[in-house]
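Welcome! Take a moment to look over the sequence and the 3D view below, and then we will walk through a few places together.

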Amino acid sequence: MWFRNLRIYTLADDFSLTTDLEAALEEHAFRPCGRSELASFGWYSPFGARSEVRYHQQGKQYLFCARKEEKVLPASVVNAQLDEQIEALEAEQGRKVVGKEKQTMKEDLIHQLLPQAFTRFKMTWGMLDLNLGIVVVDASASGQAEDFLGLLRSSLGSLPVKPWFSEQPTELYFTAWLKQGSIPGDFAFGDEAELRGTDEDGGVIRCKRHELTSPEILAHLDHGKQVSKLAVEWQERITMMIEEDMAIKRFKPTDVLLDEQDKLVDATPEQKIDADFALLAGELSELFPQLVNLFDAELNIN
């Protein structure tokens with residue numbers, strides 16, 4: 001269990017966890033889809049199907065796992081069968097099927113097909129850190145993160161959060177760092193970036209495994225492009241891609257960090273989750289304040 005994406009939300013200063021958390025989560029626990037349901041979404045144990053524990057806690061840090069089940073009905077299958085039904089009805093009654101009648105037939109057909117539909121499952125991991133005052137969701141898309149936050153809000157009754165953001169556009173920070181050839185603090189450049197033109201029809205340049213401070217990259221910046229995504233490394237322990245909306249993708253521990261991690265011999269799944277969460281939460285407790293300082297620093301724009 002290691003978060004591969006970080007979407008970070010800051011809690012209101014007066015937020016406190018006063019509810020019976022286990023009972024609140026159990027009320028919104030995952031239940032499989034019924035025969036006529038398109039989707040189901042609820043809390044799932046971080047320790048898997050055999051466990052009834054709905055969350056895992058270490059101090060003031062809480063780990064959650066949400067599970068989603070969706071019935072998959074390909075549009076091509078539905079439309080093909082709908083066309084057959086409409087054609088048969090029109091031939092039988094000698095009239096055209098249009099408007100609301102057609103829509104009603106489609107809804108009835110979907111209802112009939114649901115019990116035979118394929119099922120797709122998806123897990124979303126997240127953590128609540130009361131020390132840092134943040135919620136972190138492992139989601140590549142903002143919609144998936146919002147679904148997780150909505151479930152947590154429904155469970156707790158209230159969840160006053162807002163996306164973590166910087167006062168200045170992140171592109172200005174990324175571009176300024178590349179122009180000056182370094183990133184403040186314990187951060188260093190990775191080998192990947194995306195550059196975009198500032199006009200409406202501006203081009204996009206994506207580079208991988210490339211020296212980001214090379215003359216050719218700087219030349220693009222001199223001609224008006226800005227950096228919209230930037231790969232960075234932190235303390236030689238974590239690598240990540242920071243995007244313009246402050247989402248962090250490809251969040252990975254380096255070999256240096258993994259070599260420091262205690263190796264559990266014959267560990268149970270519960271012990272493994274506990275160790276992984278301790279590692280993740282420990283790194284975030286140091287990393288996030290440095291990220292905040294990084295984007296709060298005064299910009300030096302040449």
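## A lysine on a strand

Let's begin with Lys122, which is partly exposed because its relative accessible area is 47%, a value between the 20% and 50% cut-offs. Keep in mind as you look that this is a predicted model.

You can find Lys122 in strand β5, which covers residues 118-129. Leaving aside residues up to four places away in sequence, Lys122 touches Ala66, Arg67, Lys68 and Gln144. Now try finding Gly133: Lys122 and Gly133 are 11 residues apart in sequence, and their C-alpha atoms are 27 Å apart in space.

## A threonine in a helix

Next, turn to Thr175, which lies in helix α5 (residues 170-180). Is Thr175 buried or exposed? Thr175 is buried, because its relative accessible area is 7% and the cut-off for buried is under 20%.

Who are its neighbours? Not counting residues up to four places away in sequence, Thr175 touches Leu221, Lys225, Gln226 and Val227.

How many residues does the largest nonpolar core have? This core has 50 residues, and those with the most contacts inside it are Phe3, Trp177, Leu230, Met240, Phe251 and Phe295. Helix α8 (residues 269-296) gives the largest share of this core, 11 residues.

Another core, of 21 residues, lies apart from the largest one, and its members include Leu21, Trp43, Ala145 and Leu152.

## A pair of packed helices

Here is a handy idea for this last stop: two packed helices are described by the angle between their axes and the distance between the axes. Helix α2 spans residues 75-93 and helix α3 spans residues 99-113; they pack at an angle of about 125 degrees, with their axes 10 Å apart. The crossing of α2 past α3 is right-handed.

Which residues make the contact between α2 and α3? On the α2 side they are Val78, Asn79, Gln81, Leu82, Gln85, Ile86 and Leu89. These meet Glu101, Lys102, Met105, Lys106, Leu109, Ile110, Gln112 and Leu113 in α3. Sorted by type, the residues of this contact are eight nonpolar, four polar and three charged.

Methods. Residues are numbered from 1 along each chain as its sequence is written. This is a predicted model: local features need pLDDT of at least 70, side-chain atom pairs count only at pLDDT 80 or more; totals for chains, interfaces and linings use all residues. Side-chain values use heavy atoms; hydrogens and water are left out. Axes are lines fitted to C-alpha atoms, for helices over the stretch in contact, and angles run from 0 to 180 degrees between N-to-C directions. Helices (H or I, at least four residues) and strands (E, at least two) are DSSP runs, numbered from the N terminus. A crossing is left-handed if the near helix is turned anticlockwise from the far one by less than a right angle, and right-handed if clockwise. Contact means heavy atoms within 4.5 Å. Ala, Val, Leu, Ile, Met, Phe, Trp, Tyr, Cys and Pro count as nonpolar, Asp, Glu, Lys and Arg as charged, and the others, Gly among them, as polar. Buried means under 20% relative accessible area, exposed over 50%, partly exposed in between (1.4 Å probe, protein chains only). A nonpolar core is a set of buried Ala, Val, Leu, Ile, Met, Phe, Trp, Tyr and Cys residues joined through side-chain atoms within 4.5 Å.
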